[in-house]
Amino acid sequence: MSPSRTAPTLELEALVDDPKTKVIVCCGSGGVGKTTTAAALALRAAERGRNTVVLTIDPARRLAEALGLSNLSNEPKRVENITSDVSASGRNGSAVENGELHAMMLDMRRTFDEMVYTHSTPDRAEKILANPFYQTISSSFSGTQEYMAMEKLGQLVATGNWDLIVVDTPPSRSALDFLDAPQRMSSFLDGRMIRLLSAPARAGGRGLRRIVGAGFGLFAKAVGTILGGQMLADASAFVQAFDTMFGGFRERAASTYELLRSPGTAFVVVAAPEPDALREAAYFVDRLASEKMPLAGLVLNRTHPVLADIPAARARDLADQVDKTGSAKLASAVLRLHADRVDRSDRERRLLTRFTNAHPSVAVVPVPAVAGDITDLDGLREIGDRLTASR
Ligand SMILES: Nc1ncnc2c1ncn2[C@@H]1O[C@H](COP(=O)(O)OP(=O)(O)O)[C@@H](O)[C@H]1O
Ligand SMILES: [Mg+2]
């Protein structure tokens with residue numbers, strides 16, 4: 001067996017307070033607490049005096065309401081009832097100014113539409129928006145949501161309004177989709193595929209088959225796979241209208257990618273203490289490293305630490321003894337419950353140890369589960385406290 005190591009501690013308080021931290025990206029597999037973590041970190045930063053915006057992708061309904069996001073809102077909206085953290089102090093020791101928290105929920109389709117308007121004339125934009133091919137890729141092309149999240153991030157950075165932007169990421173089955181998005185989208189719009197699609201029109205409508213020749217079967221299959229349909233004619237018209245926008249897309253995708261790699265960005269990988277989530281987290285950590293993306297560390301969310309220092313076997317022994325007396329049923333039930341919690345906690349610790357043995361330099365912060373869902377700002381503050389607890 002490999003020796004077990006202890007992971008360095010992920011210091012999130014220092015991270016959100018650091019004026020050099022401009023962008024925090026929360027990523028991980030679905031259902032692990034990405035949206036909650038993003039919102040809690042953003043609230044924390046705002047209450048410690050930083051002007052913060054959180055870009056959420058799929059907030060749970062009640063959390064969205066707590067953030068004032070009952071309607072899909074593609075522009076940041078100010079969150080009410082932000083208080084200032086009296087323990088945070090400014091450079092000269094005085095209490096910090098109140099920061100503001102703004103929140104928004106990504107509207108993928110509208111972000112795409114806006115982008116079309118920004119990069120073309122109103123006439124052209126109408127044509128593009130009405131095109132069935134556009135309607136398909138803007139709402140269902142795999143990677144579009146990831147790409148639009150990056151586009152929105154780019155827009156938020158460009159305003160220069162924010163001390164800190166916290167980004168939630170889409171619930172992709174594969175966490176990689178998110179990193180792949182700018183690259184994939186730009187190579188999709190810019191690459192061979194699009195040149196092939198636009199070939200018939202350029203050739204004066206002499207037909208796609210002739211131009212592409214023997215490669216056609218393969219090509220049609222690729223298009224079919226990506227679009228789930230045969231919309232070559234629409235696609236071709238779409239590409240004609242879109243032609244002038246390609247440069248803009250490519251540049252923006254590239255600059256967002258560079259932004260993600262810059263030192264002002266911090267990736268926070270969120271995982272639950274479960275084998276699948278940690279496996280995805282490990283994969284993500286590796287991928288971030290290979291892309292040279294700045295990883296802050298791992299949030300191990302919803303852990304179950306034990307309250308009393310009684311080993312599981314000892315608790316079960318005691319419970320057996322109590323049971324023999326035929327009385328104090330409650331006491332033995334509590335002891336057995338404790339034993340189960342110790343087992344779970346041990347399991348979680350073993351999983352983390354395995355992760356840390358494989359990734360010894362990745363800083364970790366465990367976040368104990370709170371009772372019930374997180375549905376209001378106080379709930380987020382509680383998560384924020386756990387995320388930043390010094391231990
Ligand atoms: N530390 C925690 N303790 C208790 N419940 C949590 C915790 N973190 C997240 N949750 C709950 O888990 C659910 C999923 O969280 P969410 O942030 O929406 O996950 P994701 O964005 O990764 O899909 C939500 O109902 C949320 O309230
Ligand atoms: Mg989410």
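**View 1. Secondary-structure elements that line the largest pocket of the predicted model**. Helix 2 (34-47), helix 3 (61-66) and strand 7 (295-303) each contribute at least two residues to the lining of the largest pocket, where helices (H or I, at least four residues) and strands (E, at least two) are DSSP runs numbered from the N terminus. Helix 2 provides the largest share of this lining, 3 residues. This is a predicted model, in which local features need pLDDT of at least 70 and side-chain atom pairs count only at pLDDT 80 or more, while totals for chains, interfaces and linings use all residues. Residues are numbered from 1 along each chain as its sequence is written, chains are lettered from A and ligands numbered from 1 in the order in which they are written, and side-chain values use heavy atoms, with hydrogens and water left out.

**View 2. The largest pocket and its lining**. The lining comprises 23 residues, of which G33, T36, A60, R302 and I374 lie nearest the pocket centre; by class, 10 are nonpolar, 8 polar and 5 charged. The volume of the largest pocket is about 460 Å³, taken as the space filled by probe spheres set on grid points that are joined across faces, edges and corners. A pocket is an open set of points on a 1 Å grid over the protein atoms alone, where a 1.4 Å probe fits, with protein on both sides within 12 Å along at least five of seven lines, and lining residues have an atom within 4 Å of a point.

**View 3. Ligand 1 in the largest pocket**. Ligand 1 sits in this pocket, a term requiring more than half of its atoms to lie within 2 Å of the grid points. Of the 18 residues around ligand 1, G31, K34, T35, T36 and R302 come nearest, a residue being counted if one of its heavy atoms lies within 4 Å. Helix 2 gives the most to this shell, with 3 residues.

Conventions. Nonpolar A, V, L, I, M, F, W, Y, C, P; charged D, E, K, R; others polar.
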